[in-house]
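Let's take a walk through this one, starting with its aromatic rings and ending at a pocket.

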Amino acid sequence: MFSISLWAATVGLIVFNANQVQAIDNGVARLPILGYNTWNAYQCNIDEDLMLTTAKLMKSLGLQAAGYNYVNIDDCYAEKNRTKSGDILEDQVRFKNGMVKLNQQIHALGFKTGIYSDSGWFTCAGYPGSFQNEVRDATTFAKWGFDYLKYDNCAIPYDSIIRQGIVGKYQRMADALAQVGKQFNKAFVYSLCEWGWSQVWLWGATMGHSWRTTGDIAPQWNSLAAIINFNSFITQATDFNGRNDLDMLQLGNGGLTFEEAKSHFTAWALMRSPLLIGTNLSAITPDVLGILTNKEILAINQDPVVGKSISPFRWGINPDWTSNSTHPAQYWSGPSQHGTVFMLLNTLDQPSTLSFNLTESPFIRAGRTYSVRDLWAHTDNGTAIRTFTAKNVPPHGVVALLLKDSGDEPAGLFPACSVWWQCTDKNGTHVGG
């Protein structure tokens, strides 16, 4: 943990610059992508039967109906060597019927499809990367029928060869996708898997629809907490057409309690991250499926009117603007088309009561009452006046709320202001407290 005058100054620059970037808008991925990715559950143990089975399961389990409409293949799908003409070739055993046919089958089920490559010589698992083959590979992906490209950051060429920064390395494929897209009359979703080492949240929106901000996620609370903490300082980089990518969903892969899984999904969804399932769907539990298909949480992630992430308004355990990878910010809020969204996160190892003054959130009006909707219990929980308290939030648990303005607060409340230590009469006298 470190406290944060220098960090706050840095964050101020991040927020300022992020707001100056015009996000790419090529007609796709205006909202966060919802779908499936093979890596977390299977890594290299993939084949065409698994992909088709996964797509069918997404349909039968109701995930497609909930909005998950991408089926994405990660690393390890290719032969280790390119063809004599220099093209990437799908594994001739595991994808023996070819990517074209597989895409046709998955598209026929109503899904879009994604593929993977790397900005270096090789992928992270040692398969052909796309450096100096960007247009060739983008053409292959288009011919195969893919709609989405995840682009990784392994096997970086020598400086004497690449002679450009990380932005230029990713721009090469962005340009190739645009060129090939015109040729094939299609727009690709471009997902930058750059891990945040080069402040990708500052420049990613100039070329891509999402950008990884940290290293790989693990199915452990400490991993989730560290990712939430890091992203709490760069939330302003997310909006329509471009967003911070907090990595794939780890629900159902072991290591997380039910409450931690709810916190994981809530934080990712309300920060408007892409939601890519990484679970073996043939073994998915009803509890995990219930989390993934929470319509009220998904509606915030897919809000067509407001594209911004929630942000912390109070850190809670730590002083505001403190970076703590084990105890991130606890009190978050943000706008939505239907009201103000709140996330209360218990980062402690024991139950905790979380309470806040409504006007701590910049999206709440003073002197008004607010109806309270619990987005996990799916219940209307009365009216909040000035404050809200959530009692006995489970360890590493979460409360997700939607507050809607419901009118003026009752007359005669004391003190006259909810923020009583600054409450001032028009004659200059401080009132209350």
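Is Trp-144 buried or exposed? In this predicted model, Trp-144 has a relative accessible area of 8%, so it counts as buried, the cut-off being under 20%.

**Aromatic pairs**

That pair is one of 20 aromatic pairs in the structure. Another edge-to-face pair is Trp-201 with Phe-230. Here are the two pairs with their geometry:

| Pair | Centre to centre | Angle between planes |
|---|---|---|
| Trp-201 and Phe-230 | 5.3 Å | 75 degrees |

What does the Trp-201 and Phe-230 pair tie together? Trp-201 lies in helix 8 (residues 200–203) and Phe-230 in helix 9 (residues 221–231), so the pair links parts that are 29 residues apart in sequence. Trp-201 is buried at 6% relative accessibility, whereas Phe-230 is partly exposed at 25%.

Elsewhere, Phe-313, Tyr-331, Phe-342, Phe-356 and Phe-388 come together as one aromatic cluster.

**Charges over rings**

Arg-30 puts its charged end over the ring of Phe-240, 3.8 Å from the ring centre. Lys-186 sits over the face of Phe-188, with 5.2 Å to the ring centre.

**Around Ser-130**

Now for a loop residue. Ser-130 belongs to the loop between strand 3 (112–118) and helix 5 (134–144). Its relative accessible area is 0%, so Ser-130 counts as buried. Which residues does Ser-130 touch, leaving aside those up to four places away in sequence? They are Arg-82, Ser-117, Asp-118, Gly-120, Asp-137, Tyr-151 and Met-173. Take Ser-117 from that list: Ser-130 and Ser-117 are 13 residues apart in sequence, and their C-alpha atoms are 6.5 Å apart in space.

**The largest pocket**

Last stop: the largest pocket, with about 310 Å³ of space. Its lining is made up of 20 residues, and Trp-39, Lys-150, Arg-212, Asp-216 and Met-248 are the ones nearest the centre. Two elements give two or more residues to this lining, namely helix 2 (39–42) and strand 4 (148–152). Sorted by class, the lining residues are 9 nonpolar, 7 charged and 4 polar.

Technical notes: Residues numbered from 1 in each chain as written. Predicted model: local features only at pLDDT ≥ 70, side-chain atom pairs only at ≥ 80, totals over all residues. Heavy atoms only, no water. 1 Å grid on protein atoms, 1.4 Å probe; cavity = no way out; pocket = protein on both sides within 12 Å on 5 of 7 lines; lining within 4 Å. Points joined across faces, edges and corners; volume = space filled by probe spheres on them. Helix = DSSP H or I, 4+ residues; strand = E, 2+ residues; numbered from the N terminus. Nonpolar A, V, L, I, M, F, W, Y, C, P; charged D, E, K, R; others polar. Phe/Tyr/Trp six-rings, centres within 6.5 Å; stacked < 30°, edge-to-face > 60°. Buried < 20%, exposed > 50% of the residue type's maximum accessible area, 1.4 Å probe, protein only. Lys NZ or Arg CZ within 6 Å of the ring centre and 35° of its normal. Contact = heavy atoms within 4.5 Å.
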